[in-house]
Structures are given as C-alpha cells and as structure tokens.
Amino acid sequence: MNSPTHSLLALAVLSKRGETKRNWAVFIGSLLPDLAIYLWFPYQALIKGESGKRIWDELYFEPPMQNLIALFNSIPIYAALAIIGYVARTKLWGKCLLFFALAALIHMATDLPVHGHDAYRHFWPISEWRFYSPISYWETDHHAGWVSLVEAVIALGSIAILWRRFPKRWVRIVLGLLALLYVAMQVMMRLASFGFGG
Ligand SMILES: [Zn+2]
C-alpha cells in the first residue's frame with residue numbers, strides 16, 4: 001500500500017498517548033520497509049542520471065534493487081527482531097525494538113496481499129518465494145479501483161482513532177490534511193474513471 005497508510009494503520013494499532021519513544025519506534029518501523037525505494041530513486045535519478053522510465057521499468061526489477069527490497073521487507077528478519085525485543089521488553093531499547101518490529105510486520109501484512117507483478121520476496125532469506133497477488137493497490141487491471149477504496153477506508157478509520165487519541169493541535173492538522181488527501185485521491189480516481197471495472 002502507500003506509505004502513509006502503513007504509518008496510519010501501525011500508529012492506530014500500536015501507539016499510546018504520552019509514550020513518545022514508543023510512538024516514534026512505531027512510526028520508523030512503519031516506514032523503514034519503503035525507505036530503500038525513497039533513497040534509491042533520487043540516487044539513480046540525480047546522481048547516476050537514469051531516466052524515470054528506465055528506473056521503474058528495468059533497474060527496479062534487477063538484483064541490486066530487488067535484494068535491497070528483500071532485505072527491508074523480510075518477515076523473518078522483523079519477526080526475529082520482534083522476538084528479541086519481546087525478550088528484552090522490560091528495558092527501553094527492547095520495548096522500542098519490539099514496537100518497531102511489530103509496526104514493520106503490520107507493513108508486511110498490508111503489502112503482501114496487494115502486490116501483483118511487483119511482488120516482494122517477503123520470506124527472504126529463508127525462501128525466495130514471491131506471492132503474486134491477483135489484486136494490486138495500484139495496477140488498475142488488478143482491481144486497484146476497489147483496493148484503493150479499501151485502503152482509503154483503512155486510512156480514514158486510522159485517522160479517526162488517532163484524532164481521538166492525540167489532542168495536540170499539530171497532530172490534528174497533519175491528520176486533517178491526510179484525510180483530505182485520501183478523499184481527494186479517491187474523487188480524482190473516480191473522475192478519471194479508473195473505476196471499479198478492473
Ligand atoms: Zn511497502
């Protein structure tokens with residue numbers, strides 16, 4: 001799914017008012033799996049001068065990038081970190097590690113069902129297996145119309161939970177803007193008639 005959805009869902013499930021360090025651990029864990037892509041794209045485009053088309057159509061599917069993605073999206077690695085964190089949960093670092101890893105696992109759980117031809121090796125390094133889902137969060141010929149609607153509902157539900165949990169003004173401004181963004185994206189998608197057909 002889209003990165004903000006991962007963060008909103010993980011924070012709705014795992015954050016707690018007044019526990020700043022735990023909440024940051026959740027936030028970082030929810031985004032880290034996508035970080036490889038965010039760092040890699042500007043590196044290829046700006047430093048190596050590759051075109052956007054070549055980056056997404058070719059380089060993305062070649063071993064260096066695929067290995068980086070596998071590393072950052074490995075369920076066995078995050079599960080191992082969660083176990084270590086759980087064992088050490090009475091210490092601050094253990095607790096933060098636990099919540100970081102759980103947030104990343106929520107990310108995996110919401111990516112695995114909605115990646116079609118861009119499926120990841122989520123069980124690396126134990127297995128090279130990829131689950132090529134028949135539905136996708138962005139490929140319109142893989143029912144993205146419906147999947148993105150479900151994604152928007154998850155995001156808006158998470159926003160409602162976080163809105164009640166965190167009364168701080170800056171948090172609510174960010175949440176309000178995100179809510180507008182999700183609604184606007186849905187409206188634009190429907191108007192562009194990507195539609196429910198796929
Ligand atoms: Zn992801």
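Alanine 101, if you skip its neighbours within four places in sequence, is in contact with Gly29, Tyr78, Leu81, Ala82 and Gly85; contact here is a pair of C-beta atoms, placed from the backbone, within 7 Å. This is a predicted model, with local features needing pLDDT of at least 70, side-chain atom pairs counting only at pLDDT 80 or more, and totals for chains, interfaces and linings using all residues. Residues are numbered from 1 along each chain as its sequence is written.

Ala101 also turns up in the largest nonpolar core, which has 23 residues: Phe99, Phe100, Ala101, Leu102 and Ala103 touch the most other members. Such a core is a set of buried Ala, Val, Leu, Ile, Met, Phe, Trp, Tyr and Cys residues joined through C-beta atoms within 7 Å. Buried takes 20 or more other C-beta atoms within 10 Å of a residue's own, exposed 12 or fewer, and partly exposed is in between. Helices are DSSP runs of H or I, at least four residues long, numbered from the N terminus. The helices that each supply at least two residues of this core are α1 (3-14), α2 (20-47), α5 (75-87), α6 (92-111), α7 (144-165) and α8 (169-191). With ten residues, α6 gives the most. Another core, of five residues, lies apart from this one and includes Met1, Val114, Tyr137 and Val147.

| Item | α1 with α7 |
|---|---|
| Packing angle | about 45 degrees |
| Distance between axes | 9 Å |
| Crossing | left-handed |

The axes are lines fitted to C-alpha atoms over the stretch in contact, and angles run from 0 to 180 degrees between N-to-C directions. The two helices are therefore oblique to each other, a label for whatever is not under 35 degrees (roughly parallel), over 145 (roughly antiparallel) or 65 to 115 (roughly perpendicular). Left-handed says that the near helix is turned anticlockwise from the far one by less than a right angle. On the α1 side, the contact is made by Pro4, Thr5, Leu8, Leu9, Leu11 and Ala12, and on the α7 side by Glu151, Ile154, Ala155, Ser158, Ile159, Ile161 and Leu162. These residues divide into ten nonpolar, two polar and one charged.

Phenylalanine 166 is in the loop between α7 and α8, and is partly exposed because 19 other C-beta atoms lie within 10 Å. Beyond four places in sequence, Phe166 is in contact with Arg17 and Val171. Phe166 and Lys16 are 150 residues apart in sequence, yet 8.7 Å apart in space, C-alpha to C-alpha. In the loop between α6 and α7 sits proline 125, and the peptide bond from Trp124 to Pro125 is cis, with omega near 5 degrees.

Notes. Two residues are in contact if their C-beta atoms, placed from the backbone, lie within 7 Å. Ala, Val, Leu, Ile, Met, Phe, Trp, Tyr, Cys and Pro count as nonpolar, Asp, Glu, Lys and Arg as charged, and the others, Gly among them, as polar.
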